[in-house]
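This briefing is meant for someone meeting the structure for the first time. Please look over the sequence and the model, and then read the notes below, which are grouped by topic.

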Amino acid sequence: MQKEEIDKDIMEILSPVLGQELAEAIIVHRSRTLKKPLTVYAARIQVREYLKTGNPVEAAEMQILRGWRAIKSDWYFNEKAREAGPINASVGRRTSVDAARDFLSGQDHSGDAFGLSGLRRH
């Protein structure tokens, strides 16, 4: 198979999921940037991984931005979790560090350092 035919076949696999422009960008990323051209078989596998993420366009863009040769759905979800920050950084949740800062600053929160502000002292 000639290169033009292969690229056409790859475009037919990628473009329904990613759109024309992004599909071309993936092909260029693999062939020119990474010097590891995408094969038809690998394109099929990659499309499955894009679809597993629930957001194929964002996954493909992440692949290009991170300089990855490919993307797996778990890599995508791990990156999204990392970008979101730690799970314990919930808004409004207070920790012992918050209580220590309040104590050192002289602020009086009367027991709300651990979410106890709704409780009354007897």
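Which residues does Ile 27 touch, not counting residues up to four places away in sequence? The model, which is a predicted one, gives Asp 7, Ile 10, Met 11 and Leu 14 as the residues that Ile 27 touches once those up to four places away in sequence are set aside.

**The chain as a whole**

- The secondary structure of the protein chain consists of six helices and zero strands, and the pattern read along the sequence is accordingly written α-α-α-α-α-α.
- The protein chain has 122 residues, of which 26% count as buried.
- Among the contacts in the protein chain with a separation of 6 or more, 44% are accounted for by residues 24 or more positions apart.

**The largest nonpolar core**

- In soluble globular proteins, nonpolar side chains tend to be buried together.
- In this model the largest nonpolar core has 19 residues, and those with the most contacts inside it are Ile 10, Leu 14, Leu 18, Ile 26 and Tyr 50.
- The elements that give two or more residues to this core are helix H1 (3-18), helix H2 (20-33), helix H3 (40-52) and helix H4 (56-66), and H1 supplies the largest share, five residues.
- With its neighbours within four places in sequence left aside, Ile 26 is in contact with Leu 14, Leu 18, Leu 38, Tyr 50, Ala 60, Gln 63 and Ile 64.

**How the helices pack**

- Two packed helices are described by the angle between their axes and the distance between the axes.
- H1 and H2 have axes 8 Å apart and pack at an angle of about 130°, and they are therefore oblique to each other.
- The crossing in which H1 passes H2 is right-handed; on the H1 side the contact is made by Asp 7, Ile 10, Met 11, Leu 14, Ser 15 and Leu 18, and on the H2 side by Gln 20, Leu 22, Ala 23, Glu 24, Ile 26 and Ile 27.
- The residues of this contact of H1 with H2 divide into eight nonpolar, two polar and two charged.
- The axes of H1 and H3 come within 9 Å and cross at roughly 5°, and these two helices are therefore roughly parallel to each other.
- From H1, the residues Ile 6, Asp 9, Ile 10, Ile 13, Leu 14, Val 17 and Leu 18 meet Val 40, Ala 43, Arg 44, Val 47, Tyr 50 and Leu 51 in H3, and by class the contact of H1 with H3 has eleven nonpolar, no polar and two charged residues.
- The axes of H3 and H4 come within 7 Å and cross at roughly 115°, and H3 passes H4 in a right-handed crossing.
- Gln 46, Tyr 50 and Leu 51 of H3 make this contact with Pro 56, Ala 59, Ala 60 and Gln 63 of H4, and the residues of the contact of H3 with H4 divide into five nonpolar, two polar and no charged.

**Buried residues to look at**

- Ile 27 has its place in helix H2, and because its relative accessible area is 12%, under the 20% limit, Ile 27 is buried.
- The C-alpha atoms of Ile 27 and Leu 38 are 6.5 Å apart in space, while the two residues are eleven residues apart in sequence.
- Glu 49 lies in helix H3 and is likewise buried, with a relative accessible area of 12%.
- Leaving aside its neighbours within four places in sequence, Glu 49 is in contact with Ile 71, Lys 72 and Ser 73.

**Exposed and partly exposed residues**

- Lys 35 sits in the loop between H2 and H3, and it has a positive phi of about 60° although it is not a glycine.
- With a relative accessibility of 63%, Lys 35 counts as exposed.
- Lys 80 is found in helix H5 (residues 73-84) and is partly exposed, with a relative accessible area of 29%.
- Lys 80 is in contact with Glu 58 and Met 62, leaving aside its neighbours within four places in sequence, and a distance of 10.0 Å separates the C-alpha atoms of Lys 80 and Ala 59, which are 21 residues apart along the chain.

Terms used
Residues numbered from 1 in each chain as written. Predicted model: local features only at pLDDT ≥ 70, side-chain atom pairs only at ≥ 80, totals over all residues. Heavy atoms only, no water. Core = buried A, V, L, I, M, F, W, Y, C linked by side-chain atoms within 4.5 Å. Buried < 20%, exposed > 50% of the residue type's maximum accessible area, 1.4 Å probe, protein only. Helix = DSSP H or I, 4+ residues; strand = E, 2+ residues; numbered from the N terminus. Contact = heavy atoms within 4.5 Å. Axes fitted to C-alpha atoms, helices over the stretch in contact; angles between N-to-C directions. Parallel < 35°, antiparallel > 145°, perpendicular 65-115°, else oblique. Left-handed = near helix turned anticlockwise from the far one by under 90°. Nonpolar A, V, L, I, M, F, W, Y, C, P; charged D, E, K, R; others polar.
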